[in-house]
Amino acid sequence: MAHPAVDEPIHPWSRYVALGDSFTEGIGDPEPRSPGGHRGWADRVAEELGRSHEDFAYANLAIRGRLLQQILDEQLEPCLALKPDLISISAGGNDLIRPGGDPDALADKLDDAVGRLSAHGATVVLFNGPDTGSTVLGRIRGKVAIYNENLRTVAARHDAVVADMWSLRELADPRMWDEDRLHFSPLGHHTIAAMVLDALNVPHKLEPYTTKPLPVRSWREARSEDLVWAREYLVPWVIRRIRHQSSGDGISPKRPTPGPVFGPAGTAVPRG
């Protein structure tokens with residue numbers, strides 16, 4: 001696809017703020033040279049958006065482990081104070097994982113927040129949840145589906161853009177997921193970033209990765225991997241829930257104020 005020159009912007013936005021939890025922080029996509037040590041889909045989207053705008057600025061207020069109400073309490077006002085014209089918010093996943101997570105109640109809270117964000121004239125991007133049927137989160141698939149339907153109603157009410165994770169069939173590939181099976185891998189973040197840019201109707205240079213299928217595992221190999229995963233990731237997660245602890249305790253936003261977008265090498269992303 002031919003791309004416009006730098007003096008012909010391919011989108012109308014100049015200040016982007018991302019809100020959310022570990023998904024938006026970029027956990028699963030480590031990059032020591034990026035702020036906070038993680039890159040993630042939001043950084044990748046901002047890099048592409050910055051190609052055609054000399055003055056484009058990006059802030060990321062997301063913090064791992066945050067529940068929906070915490071995201072609204074901690075990130076909504078700081079976001080509005082930054083006066084963005086593009087906002088993404090992905091929230092509610094950590095609530096749905098927990099017993100008693102109510103997709104209807106969560107959608108009501110999100111509805112109020114999106115109303116406030118869109119009232120200031122910004123374009124708002126909402127994320128629905130991925131189809132978890134083939135993952136360790138398969139037990140919450142029904143709750144995710146209900147939340148997604150509610151979210152589409154919220155988006156229609158406030159003229160928001162839906163980043164459709166549920167329809168992103170590529171996420172069924174295990175290589176899209178981090179070894180903890182709860183976060184996305186670099187490949188997953190890359191794929192999601194391309195989907196977001198497509199949802200915004202922004203031309204981009206994120207090409208799909210081509211990979212060979214994984215070899216079929218024996219049931220013994222699969223069982224062994226499941227036991228290792230449970231010991232290293234599931235048990236610590238359960239213990240944190242019992243102790244009312246969060247992986248985000250003591251963590252600050254990696255990009256608290258809008259600034260120029262930089263690539264993983266710490267140099268300005270090439271434009272054009």
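1. Ser22 and its contacts. Apart from neighbours within four places in sequence, Ser22 is in contact with Ile27, Ile63, Arg64, Gly65 and His183, where contact means heavy atoms within 4.5 Å. Ser22 belongs to helix α1, residues 22-25. Helices (H or I, at least four residues) and strands (E, at least two) are DSSP runs, numbered from the N terminus. Ser22 has a relative accessibility of 8% and therefore counts as buried. Buried means under 20% relative accessible area, exposed over 50%, and partly exposed in between, with a 1.4 Å probe and protein chains only.

2. Basis of the values. This is a predicted model, in which local features need pLDDT of at least 70 and side-chain atom pairs count only at pLDDT 80 or more, while totals for chains, interfaces and linings use all residues. Residues are numbered from 1 along each chain as its sequence is written, and side-chain values use heavy atoms, with hydrogens and water left out.

3. Overall make-up. The protein has eight helices and six strands. Read from the N terminus, the order of elements is β-α-α-β-α-β-α-α-β-α-β-α-α-β. The protein has 272 residues, and 50% of them count as buried. Of the contacts between residues at least 6 apart in sequence, 75% join residues at least 24 apart. Accessible areas come from the Shrake-Rupley method with a 1.4 Å probe; for residues, only the protein chains shown count as cover.

4. Thr191. This residue lies in helix α7, residues 186-199. Thr191 is buried because its relative accessible area is 13%. Leaving out neighbours within four places in sequence, Thr191 is in contact with Leu168, Glu170 and Met176. Thr191 and Pro208 are 17 residues apart in sequence, and their C-alpha atoms are 6.8 Å apart in space.

5. Salt bridges. Side chains of opposite charge can pair when their charged atoms come close. A salt bridge is a side-chain nitrogen of Lys or Arg within 4 Å of a carboxyl oxygen of Asp or Glu. How many salt bridges does a search of the whole structure find? The search finds 14.

6. Arg51 and Glu48. These two form a salt bridge, with the closest N and O atoms 3.0 Å apart. Arg51 counts as buried because its relative accessibility is 19%. Glu48 is also buried, with a relative accessible area of 4%.

7. Arg157 and Asp111. The closest N and O atoms of this salt bridge are 2.7 Å apart. The pair links distant parts of the chain: Arg157 is in helix α6 (residues 141-158) and Asp111 is in helix α5, 46 residues apart. Asp111 has a relative accessible area of 16%, so this residue is buried.

8. The side chains of Arg175 and Asp173 meet in a salt bridge, at 2.7 Å from N to O. Arg175 counts as partly exposed because its relative accessibility is 24%. Elsewhere, salt bridges that share partners join Asp43, Lys254 and Arg255 into one network.

9. A negative patch. Asp102, Asp104, Asp108 and Asp112 gather in a patch of negative charge on the surface. Patches are made of residues with over 30% relative accessible area and no salt bridge; like charges are joined within 9 Å, and nonpolar side chains (Val, Leu, Ile, Met, Phe, Trp, Tyr) within 5 Å. Lys and Arg count as positive and Asp and Glu as negative, while His and the chain ends are not counted. The place of a charge is taken as NZ of Lys, CZ of Arg, CG of Asp or CD of Glu. Asp104 is found in helix α5, residues 103-119. Asp104 counts as partly exposed because its relative accessibility is 42%.
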